Amino acid sequence: MMYLDAFVHSPFWHSPQVWHALFITTSAGVVSAVVGVFIVLRGQSFAGHILTDVGATGASASFLFSINSWYGFLSFGLLAGAGMEALGKRTRGRDTATGLVLSFFMGLGALFLFLDTRVSNTADVTMSVLFGSVFTADPNTTPWLIGTSAATLLVVAAIYRPLLICSIDAEWAQARGIPVRWVGLLFMLAFVVAAEDSALAMGALLSTAFLMGPAAAGVRIAHRIGAAIGISALLAVMAAWLGVGLAYASYNWPPAGRGYPCSFLIADILFMEYLGAGMAARWRAHIRRLGGKRCT
Amino acid sequence: MLDVRDVHVHLAERLVLAGVQFQIEAGEFVGLIGPNGAGKTTLLKTILGLVTPDLGQVLVDNRPIRRGNPAIGYVPQKVHLDPDTPLRGRDFVALGLDGVRWGVPLPRRSRRERVERALGSVQALTYADAPVGRLSGGELQRLQIAQALVGEPRLLLVDEPLSNLDIRNAHEVVRLLHELARSRGMAILLVAHDLNPLLSALDKVVYLARGRSMAGRTDEVMTSESLSRLYGYPVEVMRTRGRIVVVGGPDMHLVPPEAADHAGLGEWEATTP
């Protein structure tokens, strides 16, 4: 009871930074978790890396011009998404082209980060672009972040069924008269927003934790697509809140009492959840065998 | 029901279909037979509206075809499913009912009943709740048929359903399709490279070779004279122990047609005497 009282009246709830951090991680987490399930189905995890890596170049460039880093992430992410769509699926040597363009952008990113540290004389920019900055993010971005996440969820809901068929088998989708190209384009848009939102929250390097972690766990546990999406979103929200809470508490932790990075904590919680999901899936298969209920 | 009129199709500057012509009536079970590379898949795509013929036309119910026609059900050769795909058999079948519509599906009783009926008509109710990625080839094949049936099409296109199945399952699937054609008055066009497993069930054969077709009853089409005319060189049709074998056709040659294609040679020129 005493603990509960302390929890409810904790200064945690009175800090605007904490609330912004909760909003940012929750909205980035939920949209990534939902889009992530389709990324897993479509086998596009690698594309997630490309989007956030190119986005990081944009974010590091935006610091140079004192623009909010989220705009940098989003604009370069859209550029990368458009590039990937233009290259298409069947182009020969696509992997080579992608790899080279990616290294070109990461090279640019390295240059911008170098210039950033010259301008601001600290390594903070590098840290926040690569590893996230939920407590120090510009509060003015928060409504935009929530808005784009919500709009993205609406887009995914609108194309839900055709997207599912396209993700299972594009040729079959085409035979049934689904505009595969348009569905793919809309999904790419949703993918970019999810990737860049979670890049802002988690940093470019750890954003895949939000994109892949909950979705992979959801797909392992669930036998139904709706359940997979629900579990994925729940796991993302749990990781976000637990991560922010622990990051806040970690200011009292040894050794230095300077706190641990929030993105590190969230990424580790997501990893634990994934391991837990694997165990749950195996356990369920085991129970089913014991029960003799075979479903071939 | 289906009327294919003198269809010509060029793909990558090669004439793949050069005057294909046949009709299918409601309730008929028809086999589309031909060696590899004869243009069977292209013909199927043309009927589905995915390929536009350069010449000739395809009519369904006397109207030109369009892509996504609900009167046509399509069972693709193979759907690649990851073992972890979070879909149960009945969800997979439900995608055939309203999967092309926008938005999230709402649970409705009529929807559930239609899916249940489709599952029942292919005897797939026992594994309808299992994840589709873990089913055997025969089980998945039945679900694919149910998925095409649930939209109540009047023409069913089935692409090479037997190539991934063992003899017993192949026989079962043929019997099932035959029954569906009878009981529902549905026209079925089944693509296969081997005619023999279908012999007892087919009403009609459309034989495709070198981009041209020959259609009719099995005993009319599968004769040395008519197939030699189609191939443009002498082949012999032999009947032995209830099986039909085409001797001298491209499948009998030592150079498989794919190898001839890879060598940059024309369709059958490598092996034609």
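View 1. Helices are DSSP runs of H or I with at least four residues, strands are E runs with at least two, and both are numbered from the N terminus. In soluble globular proteins, nonpolar side chains tend to be buried together.

**View 2. Around Ile266(A).** What does Ile266(A) touch, leaving aside its neighbours within four places in sequence? Its contacts are Thr25(A), Met202(A), Ala209(A), Ala239(A), Ala240(A) and Gly243(A). A contact means that the C-beta atoms of two residues, placed from the backbone, lie within 7 Å.

**View 3. The two domains of chain B.** The centres of domain 1 and domain 2 of chain B, taken over C-alpha atoms, are 26 Å apart. The domain bounds come from an automatic or database assignment. Where they meet, domain 1 of chain B puts in 10 residues and domain 2 of chain B puts in 8. On the domain 1 side, the largest share, 3 residues, belongs to helix α5 (residues 167–184) of chain B. That side has 7 nonpolar, 3 polar and no charged residues. Ala, Val, Leu, Ile, Met, Phe, Trp, Tyr, Cys and Pro count as nonpolar, Asp, Glu, Lys and Arg as charged, and the others, Gly among them, as polar.

**View 4. Where chain B meets chain A.** This contact uses 31 residues from chain B and 28 from chain A. Helix α2 (residues 89–98) of chain B supplies the largest share of the chain B side, 3 residues. Sorted by class, the chain B side holds 17 nonpolar, 6 polar and 8 charged residues.

**Notes for all views.** Residues are numbered from 1 along each chain as its sequence is written, and chains are lettered from A and ligands numbered from 1 in the order in which they are written. In this predicted model, local features need pLDDT of at least 70 and side-chain atom pairs count only at pLDDT 80 or more, while totals for chains, interfaces and linings use all residues.
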